[in-house]
Amino acid sequence: MGRDDPNHAYRYDEWPVDGGETRYLGVAGEGVAMLYNPTTDELTRGEIDERNERIVPGETERELDPGESLGDALASIGESVDWESLSEFAEEHLDADPDRTDRDR
């Protein structure tokens, strides 16, 4: 399944996200959309609104720790629940992490 598959989580990459600067990160675990708010440095769950083809921020999953990069937080989530898909925005932040060891995956 690639980014062109309308039944795959990548289809959410282009959907608008309510909440100002909030960015879509991808789908983690068992179909949970994850978002990042750069203003508050919070990772939140997103509610997928299929009818209106948008994503609505939900409850806060966690805040970034002081000095923690978004790439570090994404890797940490991936270690605990795995990512089903990552948005291009999230992939760019993972690729910017110099300590990332899974670049060839």
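Mentor: Gladly! Let's start with pairing: two strands pair if DSSP finds at least two bridges between them. Keep in mind that this is a predicted model.

Trainee: What makes β3 and β4 a pair?

Mentor: At least two bridges are needed, and β3 (residues 42-49) and β4 (residues 54-63) are joined by seven bridges in the antiparallel sense. So by the definition they pair. As an example, leucine 43 has arginine 62 in β4 as its bridge partner. The hairpin of β3 and β4 has four residues between the strands, and glutamate 53 there has a positive phi near 50°.

Trainee: How do you know that β2 pairs with β3?

Mentor: Five bridges join these antiparallel strands, and the definition asks for at least two, so they count as paired. Within this pairing, methionine 34 stands opposite arginine 45 in β3. Aspartate 41, in the turn of the β2-β3 hairpin, has a positive phi of about 55°.

Trainee: Why is methionine 34 called buried?

Mentor: Buried means under 20% relative accessible area. Methionine 34 has 4%, so the word applies. Its contacts beyond four places in sequence include Tyr24, Leu43, Ile77 and Trp83.

Trainee: And why is asparagine 37 buried?

Mentor: The cut-off is again under 20%. Asparagine 37 has a relative accessible area of 18%, and therefore it is buried. This residue lies in strand β2 (residues 32-37), and touches Thr22 and Glu42, leaving out residues up to four places away in sequence.

Methods. Residues are numbered from 1 along each chain as its sequence is written. This is a predicted model: local features need pLDDT of at least 70, side-chain atom pairs count only at pLDDT 80 or more; totals for chains, interfaces and linings use all residues. Side-chain values use heavy atoms; hydrogens and water are left out. Helices (H or I, at least four residues) and strands (E, at least two) are DSSP runs, numbered from the N terminus. Buried means under 20% relative accessible area, exposed over 50%, partly exposed in between (1.4 Å probe, protein chains only). Contact means heavy atoms within 4.5 Å.
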